[in-house]
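Here are a few notes to read alongside the model. Take them in order, and keep the structure open as you go.

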Amino acid sequence: MHFAWTGENVVDFCLYSKTLGYYIEIRVDCCPHFLLLCTMSDMSQFDPNSVGLKSNNIFGLPFSEEEAALVLLPVPWEVTVSYRIGTARGPENIFNAAMQVDLYDPDVADGWKNGFHMLPIDKNIRTKSDYLRQCAELIISHMVEGGAVADNAQLSDKLIEINKGGKMLHDWVHEMTSSLLKKGKKVGLVGGDHSTPMGFIKALSEVHSEFGILQIDAHADLRVAYEGFVYSHASIMYNVLENTPQVKKLVQVGIRDYCDEELEIIQQSEGRVVTYFDRDIKARQYEGETWKSVCQEIIAALPQKVYISFDIDGLDPKLCPNTGTPVPGGFEAEQIFYLFRLLHESGRDLIGFDLNEVSSGNHSGDGIDAITGARVLFKLCNFMVA
Ligand SMILES: [Mn+2]
């Protein structure tokens, strides 16, 4: 630590952080008014062309939470996943894979210079998720065997506990994202399963009186308390529509696995939900329409302010083979990046995003899922600050 008097009433501190690998200068002006200034990190020490340093934050970038324009909230939660587990480790796997992402993005050159920072992963949230997940598994296997939860006192108690946990997570995400928005940060959320962004969408609805959601997904996620879980990953958009009147439009893209109940909700939504089914998009393309014209139609359905909810299973499962509920079909990553580019060029305001259902392919978590997730995340971050 360097400490120096620079004048009668001014004290300069210079702190070197080993963990972050850069200097922080603090200037305290004692008179006439007390004033504390923190200067930006010394970017002259950072080489964007070099290897990503593990000691830095996401994408190997050296920004603290205070310095970053965009802050990412990791939510390691997967209590209600219906099929395969692993997405609670999504944030750490994406964080690790993000070290390999090169920083030049032709869509938004130098976007990273605005500063991206991922908050530390909350271990208590993850432990709670692991515990409640075990309870959920008991319930799901009981139901799969044809049993009813209501007839089993122990499972009924567990269901209550799971729904309480879902509410706790919702409130925690709401509180965390609200406080970041109040500090003037742009915010992105990294799941976890698709139930995780509900508290964030609520926080945004307290700041923006109306906006639309662009959902990239294989599933409609419009089920009512799927498997009895009020905060199910399969019920996220139903819950959002029910509880967030500020969401004027939900535009779904890539949907290819849904039930009668969900189709009815779409059809009876009076245009509030517009769904671009994977089947219809592909048919239009087979018959000669361009992806560009489909994208333009998708964008035209959205209002000025847009939130992106990106379920990785919207992509072709070759890019996310270990996601919880993969479905054949879907998109190349570049197809969706192209959609985002046109969205940006249309002048829409991106007010927030989530990326969810990214799971690890192996024990070390460095499979293609995390690699795809890291690239998608970088693209979303860049468009957020564009
Ligand atoms: Mn989903």
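1. A word on terms: two strands pair if DSSP finds at least two bridges between them. Strands (E, at least two residues) and helices (H or I, at least four) are DSSP runs, numbered from the N terminus. This is a predicted model, in which local features need pLDDT of at least 70 and side-chain atom pairs count only at pLDDT 80 or more, while totals for chains, interfaces and linings use all residues. Residues are numbered from 1 along each chain as its sequence is written.

2. Start with strand β8 (residues 211-216), which is joined by six bridges to strand β9 (residues 247-255); the two run parallel. Leu 214 has Val 251 as its bridge partner in β9.

3. Is β8 mostly covered or uncovered? Mostly covered: six of its six residues are buried, meaning that 20 or more other C-beta atoms, placed from the backbone, lie within 10 Å of a residue's own. Phe 211, Ile 213 and Gln 215 point one way, and Gly 212, Leu 214 and Ile 216 the other.

4. Next, look at the largest nonpolar core, with 90 residues. Such a core is a set of buried Ala, Val, Leu, Ile, Met, Phe, Trp, Tyr and Cys residues joined through C-beta atoms within 7 Å. Among the residues with the most contacts inside it are Ile 94, Ala 98 and Leu 377. Helix α10 gives the largest share, ten residues.

5. Finally, Ala 98 touches Ile 58, Phe 59, Ala 374, Leu 377 and Phe 378, leaving aside residues up to four places away in sequence; touching here means C-beta atoms within 7 Å.

Terms used
Buried ≥ 20, exposed ≤ 12 C-beta atoms within 10 Å, placed from the backbone. Contact = placed C-beta atoms within 7 Å.
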